[in-house]
Amino acid sequence: MRGAVLSPPVARTGLGRLNPLTPTALLLALGVTVSFVLDGAALVGLHLWLVGVLAVGLRAGAGELVRAHLVFAPFAVGVLMTNAVSRPGSVVAVIGPLTATDDGVRVGLALAIRVLVVAVPAILVARRTDPTRLVVALMQHLRMRPRAGFAVLTAHRMLADMPGRWQMLLAAGRSRAPLDRRGRARLGARGYGRAALGLLVGGIRRGNRIADALDVRGIGAPARTARLREPFSRRDAVVGALVTLGAVTCAIGASAAVGG
């Protein structure tokens with residue numbers, strides 16, 4: 001089912017065995033830290049370390065890593081080009097009415113790498129994180145209200161199910177649509193509009209039914225007990241320390257190697 005794109009099977013190995021809040025906290029710390037870094041070499045070293053962590057900890061294959069980079073590559077290139085032609089400095093290239101400067105290229109390249117450093121781990125960790133475990137951890141450790149937590153979890157599952165329902169509505173429309181000269185169904189703009197309306201109305205009705213079911217089960221009760229638990233363990237501390245130490249070491253080492 002196409003909905004599996006949003007929620008692939010989650011392997012309980014490597015980083016999958018950690019409390020879901022541990023990778024989330026590491027990603028937040030990564031985003032805050034690199035916001036103050038403009039050393040391109042340090043960012044490259046950091047990114048290589050993170051790619052290795054993702055490949056080993058999440059068992060991300062080469063194809064998945066490449067696709068994750070390609071998703072954000074256009075934005076990174078846009079950041080590079082914008083800074084290259086908008087910052088002062090010595091001119092290194094003239095492209096029509098635009099001039100690229102050395103400082104602009106240096107800063108733009110660092111910012112482009114920063115985009116990949118933050119975005120690639122974020123998208124892979126988000127894809128491999130079990131949403132149920134994450135919501136349970138948020139309610140247990142960050143005191144998220146059950147009503148809000150289950151609402152987020154329900155919305156995620158409905159969103160993951162939408163591509164499959166969209167294909168089902170299109171298939172139903174094609175079964176009633178007239179055929180062209182080649183014998184293929186012609187939906188047209190009206191057919192796609194009816195499918196979109198059916199998807200919207202069906203989503204609203206499902207949401208109302210689920211909301212009623214959650215209220216009947218006492219989701220909004222002031223006091224609740226929970227069967228599922230997501231405790232922190234020594235593994236979370238060890239992995240977090242190793243990932244942080246490796247990231248700092250690789251960033252400083254790469255910067256020193258290029259600078260030296």
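**Close-ups of a predicted model**

**View 1. Helix H1, end to end.** Helix H1 covers residues 21-34, and at 1.5 Å a residue its 14 residues should span 20 Å; the end C-alpha atoms sit 20 Å apart, so expectation and model agree. Keep in mind that this is a predicted model. Which residues of H1 are buried? They are Leu21, Thr22, Pro23, Leu30, Gly31 and Val34. As for what covers them, the list includes helix H2 (40-57), helix H4 (102-128), helix H5 (131-141) and helix H8 (234-259).

View 2. Buried or partly exposed? Glutamate 64 has a relative accessible area of 14%, so it counts as buried, the limit being under 20%. Arginine 127, at 27%, is partly exposed.

**View 3. Arginine 133 meets a loop.** The partner of arginine 133 in this salt bridge is glutamate 230, and their closest N and O atoms are 3.0 Å apart. Again the pair links distant parts of the chain, with arginine 133 in helix H5 and glutamate 230 in the loop between H7 and H8, 97 residues apart. Both ends are tucked away: arginine 133 is buried at 8% relative accessibility, and glutamate 230 is buried with a relative accessible area of 12%.

**View 4. H6 and H7, linked by side chains.** Aspartate 161 and arginine 206 form a salt bridge, 3.6 Å from N to O. Aspartate 161 lies in helix H6 (residues 146-176) and arginine 206 in helix H7, so this is another link between distant parts of the chain, 45 residues apart. With 18% relative accessibility, arginine 206 falls under the 20% limit and therefore counts as buried.

**View 5. The salt-bridge tally.** How many salt bridges does a search of the whole structure find? The count is 5. Shared partners join Glu64, Arg127 and Arg128 into one network.

**View 6. Alanine 211 on H7.** Alanine 211 belongs to helix H7, which runs over residues 188-216. How far from alanine 211 is arginine 147 in space? The C-alpha to C-alpha distance is 9.8 Å, although the two are 64 residues apart in sequence. Alanine 211 itself is partly exposed, with a relative accessible area of 34%.

Conventions:
Residues numbered from 1 in each chain as written. Predicted model: local features only at pLDDT ≥ 70, side-chain atom pairs only at ≥ 80, totals over all residues. Heavy atoms only, no water. Helix = DSSP H or I, 4+ residues; strand = E, 2+ residues; numbered from the N terminus. Expected span 1.5 Å × (residues − 1). Buried < 20%, exposed > 50% of the residue type's maximum accessible area, 1.4 Å probe, protein only. Contact = heavy atoms within 4.5 Å. Salt bridge = Lys/Arg side-chain N within 4 Å of Asp/Glu carboxyl O.
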